[in-house]
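Here's a quick briefing to read with the model open beside you. Take a look at the fold, then work through the points below.

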Amino acid sequence: MIQAYRTMLLGAGIAALAATASAQQPSYNSHEVNPDHSVTFRYYAPTAKLVTVGLDYTHSDSPMAKGTDGTWTLTTGPLAPELHVYSFKVDGTGLLDPLNQSVEVSMAFFRANTVLVPGAPQPWDFKDVPHGTVHHHVYETKAVTGLPGNAEDYYVYTPPGYDAAAAKSYPVLYLLHGWAQIAESWVNIGQANLILDNLIAEGRAVPMVVVMPLGYGNASFVTNGFGSWNDEALIADNLDRYSKAL
């Protein structure tokens, strides 16, 4: 009985603390896109000494201004209508936006959130046109090293009307991502499938098969960080193994 009362008391205490914390933290939009295409970033950190935001991997973080309620704020200038990436640093520690579930995944030690700035119609907009299909494949690799379980994956875009059993042949494009990105980056971040759908529908591209592989032969080329670019032996090993995998 005493243990039951203790458990109830502890639960009540936790609930009270949670309610107090909730009452103290203001409600805010962490990544607000403004009518002039600027973006206002906000981060709640009442005890922090410095909060910065980095935008689009420019390697220069901008300091944010602290408000009386403990919310740090920064408004950018007008941004191009596209998908932008950003991340926060709180007293030098890189952190994701806790109020934004849209995240650019990478194999490197850093992560970033994304925010879409709308504008005039863009090649990657979803439009009422015939759409192709994105296929995801996973296989055990004997060429690439450093992957968990030796499991490598790749994505394949097939155009509208594609029939694998038909005699018709298609050109194939191998679309490679940037350093630190992963096989799904061209679909989830680059929206390559939507771009291809629109280009094919407009007659600006022929129907094609597009292969989007994981672009590494040695995973440590990424997981070791930026210093990998100074390791000539690792660069050569990565390229050799990736050539075999491709």
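In this predicted model, the backbone oxygen of Ser220 lies 3.4 Å from a polar atom of the Ser228 side chain. The backbone oxygen of Phe221 also faces a polar atom of that side chain, at 3.0 Å. Polar contacts here are pairs of N or O atoms within 3.5 Å; within protein, one must be able to donate a hydrogen and the other to accept it, and residues adjacent in sequence count only if both atoms are side-chain atoms.

**Around Ser228**
- You'll find Ser228 in the loop between α4 and α5 (232-245); helices (H or I, at least four residues) and strands (E, at least two) are DSSP runs, numbered from the N terminus.
- Ser228 is buried, with a relative accessible area of 2%; buried means under 20%, exposed over 50%, partly exposed in between (1.4 Å probe, protein chains only).
- Leaving aside neighbours within four places in sequence, Ser228 is in contact (heavy atoms within 4.5 Å) with Ser220, Phe221, Val222, Leu234 and Ile235.

**Nonpolar cores**
- A nonpolar core is a set of buried Ala, Val, Leu, Ile, Met, Phe, Trp, Tyr and Cys residues joined through side-chain atoms within 4.5 Å.
- The largest one has 23 residues, and Tyr157, Val210, Met212 and Leu214 touch the most other members.
- Two or more residues each come from β12 (151-158), α3 (192-201), β14 (209-213) and α4 (220-223), with α3 giving the most, 3 residues.
- Not counting residues up to four places away in sequence, Val210 touches Tyr155, Val156, Tyr157, Leu173, Leu175 and Leu196.
- A second, separate core has 17 residues, including Met64, Trp72, Leu74 and Val115.

- In β2 (residues 39-44), 6 of 6 residues are buried.
- Val39, Phe41 and Tyr43 sit on one side, with Thr40, Arg42 and Tyr44 on the other.
- β2 pairs (at least two DSSP bridges) with β1 (residues 31-33) in the antiparallel sense over 3 bridges, and Glu32 has Thr40 as its bridge partner.
- β2 also pairs with β6 (residues 71-75), antiparallel over 5 bridges, where Thr40 partners Thr75.

- The average pLDDT (the predictor's confidence in each residue, from 0 to 100) is 88, and 89% of the residues score at least 70.
- Over residues 16-23, pLDDT stays under 50, and the model has 0 contacts there beyond four places in sequence.
- Residues are numbered from 1 along each chain as its sequence is written, and side-chain values use heavy atoms, leaving out hydrogens and water.
- Local features need pLDDT of at least 70 and side-chain atom pairs count only at 80 or more, while totals for chains, interfaces and linings use all residues.
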